[in-house]
2 protein chains.
Amino acid sequence: MKVNSNFGKLAGGYLFPEIARRTKAWQERTGFEPLRLGIGNTTEALTPHIVDAMKKKLDILSDRATYTGYGDEQGDFALRKALCDFYLREYGVSLAPTDFFISDGAKSDAANIQELFSPDSVIAVADPAYPVYVDSNVVGGRTGLFNGNTYDGFVYLESTEENGFIPEPPSCQVDVIYLCFPNNPTGAVATKEQLGRFVDYAIREKCLIVFDAAYVDYIRHEGYPRSIYEIEGARDCAVEINSFSKNAGFTGVRLGWTVVPETLAVADGGQSVLHGMWNRRQCTFFNGASNVAQAGGLAALDEIGRAECRSLVDYYLGNARIIREGLESVGIVCYGGVDSPYVWAKCPDGMGSWEFFDYLLEKAHVVVTPGAGFGPAGEGFVRVSSYGHRENVVAAVESIKRSLS
Amino acid sequence: MKVNSNFGKLAGGYLFPEIARRTKAWQERTGFEPLRLGIGNTTEALTPHIVDAMKKKLDILSDRATYTGYGDEQGDFALRKALCDFYLREYGVSLAPTDFFISDGAKSDAANIQELFSPDSVIAVADPAYPVYVDSNVVGGRTGLFNGNTYDGFVYLESTEENGFIPEPPSCQVDVIYLCFPNNPTGAVATKEQLGRFVDYAIREKCLIVFDAAYVDYIRHEGYPRSIYEIEGARDCAVEINSFSKNAGFTGVRLGWTVVPETLAVADGGQSVLHGMWNRRQCTFFNGASNVAQAGGLAALDEIGRAECRSLVDYYLGNARIIREGLESVGIVCYGGVDSPYVWAKCPDGMGSWEFFDYLLEKAHVVVTPGAGFGPAGEGFVRVSSYGHRENVVAAVESIKRSLS
């Protein structure tokens with residue numbers, strides 16, 4: 001049998017397994033436990049109201065009179081409706097419940113959405129970016145070979161210190177653009193105006209925007225949209241992916257959603273083509289998110305649940321502030337970490353990303369994420385994640401400070 | 001933007017949404033509630049030991065000292081190890097824990113596995129078959145157009161009354177064969193010898209077998225393998241997909257697994273290529289199954305959990321017997337329903353599948369699944385599912401009997 005040769009184009013390991021490999025090798029060599037500010041993995045407990053709802057769901061499933069099996073592939077209608085209400089209430093955005101598709105998490109949707117695109121589609125990503133946008137399209141055959149730095153045929157929109165890590169729309173014509181704000185990894189947050197330029201471009205060029213909104217609950221300052229649909233015209237050209245991972249701590253519980261509005265009008269077949277295709281995709285490749293997780297998600301959207309999520313996010317934002325202020329105190333130039341769980345730290349003394357990664361591991365026993373792992377424009381930076389117990393974050397920051405002074 | 005035009009080749013709606021549509025239209029027209037023997041959707045409650053384990057997991061996640069976020073994309077090692085032990089204990093099959101990949105269910109894996117195949121691979125399915133095998137490969141671009149009956153370029157292995165619904169291996173060379181025993185929809189169960197012929201073929205032709213084992217817990221008679229790895233040579237040529245849906249009632253909880261042995265040697269790159277590709281696929285497109293569901297799966301594999309699952313399966317097997325005996329008593333020719341939850345009933349009086357579906361809906365108010373929805377060789381049959389409360393199954397069978405006598 002012949003295999004999908006596109007897998008062979010994937011450059012090296014996926015970023016996080018590679019970090020795990022290096023860390024493990026260091027552990028085995030030194031016998032030390034590292035302090036972790038690497039993977040964006042939540043550390044604080046699930047909250048009472050949300051857990052209670054999941055336990056109640058288990059009771060419902062334990063009674064043959066109320067047990068249910070397969071749910072709708074698109075998700076429980078009650079949850080789709082609650083999300084729809086939530087968008088109206090919190091963002092002033094009016095959508096239909098059927099525009100929402102519940103999934104087992106943002107990563108799956110971010111990777112699977114490319115199945116809707118023709119193999120010859122031209123794809124643009126902000127650079128650096130969450131590796132899944134690129135890797136899933138490599139597997140889907142929409143790139144040439146990896147040239148040691150970038151994939152041929154891919155369009156990279158550079159996020160740099162000069163543009164405040166918010167790139168401009170492409171100067172050429174592309175079919176799909178992946179965007180994520182607050183950004184993973186740079187922590188940059190786009191204004192309404194900046195996002196508006198992408199929406200204008202997408203409508204003009206009949207291009208689809210895939211907007212990853214996984215971190216919008218971290219926005220605490222005015223003037224930054226928390227849904228791309230706050231931008232006029234976005235419902236004609238954008239899908240939005242989000243999840244309960246980073247606000248309700250569902251990284252392991254698994255629950256997310258994607259908005260694919262029926263009004264989308266950028267596909268070559270016209271309106272509602274993409275909506276119908278995603279619906280068909282989910283009905284064929286997926287059997288719905290866990291009903292236990294969905295019960296938790298529903299609770300996370302009510303008043304008590306929202307308050308619980310807010311405290312969780314506050315906690316991580318507090319960590320981010322400690323990281324940023326700590327690194328800055330020893331002269332590290334930092335971006336992000338405000339309205340975002342990620343601090344984007346510039347490597348000192350002209351070090352490269354992996355070099356600084358190794359330095360921090362060796363000298364401070366701290367794991368961070370090399371910026372270069374998110375794309376070529378990430379070179380010269382590391383991502384420092386605020387996900388950790390406060391005491392460990394403080395210890396890691398103090399250790400980094402000692403190692404640099 | 002240009003869309004994946006393969007979606008346009010998909011014939012009609014996915015089977016079950018189409019059944020739902022017709023049933024809903026009938027309900028709205030008549031005001032009656034139908035009796036359901038259609039979708040293979042479990043109806044009996046989750047069991048105490050398994051629910052208890054999931055609640056305990058929620059307690060663990062509610063404590064910041066024991067909370068965990070992302071698990072391994074491949075699944076919790078404890079669960080992979082428990083499955084490995086289970087295969088040895090119950091099937092006499094020796095595999096490695098790392099050969100097991102935990103997922104959110106068999107449907108996802110059955111649909112996603114085709115991402116590993118080259119676009120020009122020749123695919124064979126037993127006909128009739130679970131629609132996902134075919135539809136996922138249509139979306140993946142491995143077929144021509146639908147000619148009103150079959151997809152051009154696909155190889156259909158006909159399961160007929162004459163061959164006892166166990167086809168022979170293809171007479172031509174194919175790259176991948178999808179098999180499922182106990183079979184959905186025909187209820188046929190393959191012997192070691194019959195499966196052995198497929199394994200021999202696969203090794204000779206360097207062809208991959210995708211074996212769907214979702215119903216093996218329904219096998220209660222000797223002589224039928226419950227894992228394809230009971231056949232010598234299978235670990236060189238077969239992946240096996242299974243789930244907790246039909247034995248533990250996890251259709252809504254969502255949990256499954258796929259075995260991709262490192263010893264697989266049919267891919268053009270040689271041994272362990274497919275193992276590495278699936279690992280990469282899962283790391284890139286998936287973020288692990290729900291930790292709550294995985295805790296339940298672990299409990300389902302211990303002694304108490306296995307006993308609970310056995311009673312659940314006993315219950316549905318009892319239903320299957322009632323269905324088969326009831327239909328036979330009014331002269332319907334039936335297959336399956338023994339060692340399988342599905343009865344494959346021949347439509348009387350030369351009726352077609354959808355015709356008999358409509359007949360039973362109108363005259364008996366019973367929903368079944370038209371055999372033709374599973375492929376052309378399913379024409380002239382309906383699948384009657386044993387998933388239902390006993391009293392409803394009895395009522396539906398009595399109603400069918402009245403409508404036919």
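Analyst: Buried means under 20% relative accessible area, exposed means over 50%, and partly exposed covers what lies in between (1.4 Å probe, protein chains only). The model is predicted, with local features needing pLDDT of at least 70 and side-chain atom pairs pLDDT 80 or more, while totals for chains, interfaces and linings use all residues. Residues are numbered from 1 along each chain as its sequence is written, chains are lettered from A and ligands numbered from 1 in the order in which they are written, and side-chain values use heavy atoms, without hydrogens and water.

User: Why is A:Phe154 called buried?

Analyst: Its relative accessibility is 8%, so A:Phe154 falls on the buried side of the cut-off.

User: How do you know that the charged end of A:Arg80 sits over the ring of A:Phe101?

Analyst: The rule asks for NZ of Lys or CZ of Arg within 6 Å of the ring centre and within 35 degrees of the ring normal. The charged end of A:Arg80 is 5.4 Å from the ring centre of A:Phe101. Likewise, A:Arg390 lies over the face of A:Tyr315, at 4.8 Å from the ring centre.

User: How does the span of helix H6 of chain B compare with the expected one?

Analyst: The expected span is 1.5 Å times one less than the number of residues. Helix H6 (residues 192-205) of chain B has 14 residues and reaches 20 Å from first to last C-alpha, close to the expected 20 Å. Its buried residues include B:Leu195, B:Phe198 and B:Tyr201. Just after H6(B), B:Lys206 takes a positive phi of about 50 degrees.

User: Why is one side of E9 and of E12 in chain A left without a neighbour in the sheet?

Analyst: Two strands pair if DSSP finds at least two bridges between them. The open sheet of 4 strands runs E9-E10-E13-E12 (chain A), with antiparallel pairing. Strand E9 (334-336) and strand E12 (369-370) stand at its edges with a single partner strand each, so one side of each has no neighbour in the sheet. E12(A) is joined to strand E13 (residues 381-385) by 2 bridges, which meets the pairing rule. A:Pro370 has A:Val382 as its bridge partner in E13(A).

User: Is A:Glu115 buried or exposed, and what does it touch?

Analyst: A:Glu115 has 9% relative accessibility, so it counts as buried. The residue lies in the loop between helix H4 (106-112) and strand E3 (123-127) of chain A. With contact meaning heavy atoms within 4.5 Å, A:Glu115 touches residues of both chains, among them A:Arg142, A:Arg281, B:Asn4 and B:Glu115.

Conventions. Lists of a residue's contacts leave out its neighbours within four places in sequence.
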